[in-house]
Amino acid sequence: MPPTRREAGRRLLTAAVVTLAPLITASRPHPAGPDAPVPGADAPFDETYLGRRIRGAPVALGSRAAPAVEWQVTVDGRPLHLMRRADGSWLSMVDHYGWYRTPLEATRAAVDELGPRGRLRDLAPGPLHGGHPHREAPHGVRA
């Protein structure tokens, strides 16, 4: 007895799925989780990006028992502060709402945010205006 139209349709659909599934799976990007290693994430960088000289290198902090890494990054010779988020991504003081997989990506995003004329400010070490920034101002107003 010949197969019914429904059975023929099921066989045709099954053959198409079996044939196309590996192709579709191979063509889709595999999203990397936050814990997945990012190629070149720990590599120092020194490049010109959009006409700006960006440099960055990891600096080891802490002890051997509890190692920590901080990045020293500059844009045109001025320091750019990067912070590591709990999920392993990075953010900068210029673009602190975005997150980036590597310090290089965060630095490039900061340059994008600064635009062609923007410059990083040199932050003087120590308290602002001779006092602690969170203490009472000379005119009695607390910030």
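Colleague: Where is the place of Thr-102, between which strand and which helix?

Modeller: Thr-102 sits in the loop between β6 (90-92) and α2 (103-114), where helices (H or I, at least four residues) and strands (E, at least two) are DSSP runs numbered from the N terminus. This is a predicted model, in which local features need pLDDT of at least 70 and side-chain atom pairs count only at pLDDT 80 or more, while totals for chains, interfaces and linings use all residues. Residues are numbered from 1 along each chain as its sequence is written, and side-chain values use heavy atoms, with hydrogens and water left out.

Colleague: Why does Thr-102 count as buried?

Modeller: Its relative accessibility is 7%, and buried means under 20% relative accessible area, exposed over 50%, and partly exposed in between (1.4 Å probe, protein chains only), so Thr-102 counts as buried.

Colleague: Why is Asp-46 called partly exposed?

Modeller: Asp-46, which lies in strand β1 (residues 45-49), has a relative accessible area of 45%, and is therefore partly exposed by those limits.

Colleague: What joins the side chains of Asp-46 and Arg-53?

Modeller: They are joined by a polar contact of 2.7 Å, a term for a pair of N or O atoms within 3.5 Å; within protein, one must be able to donate a hydrogen and the other to accept it, and residues adjacent in sequence count only if both atoms are side-chain atoms. A polar contact of 3.4 Å likewise joins the side chains of Asp-46 and Arg-55.

Colleague: Which backbone nitrogen does the side chain of Thr-102 reach?

Modeller: The side chain of Thr-102 reaches that of Glu-105, at 3.1 Å.
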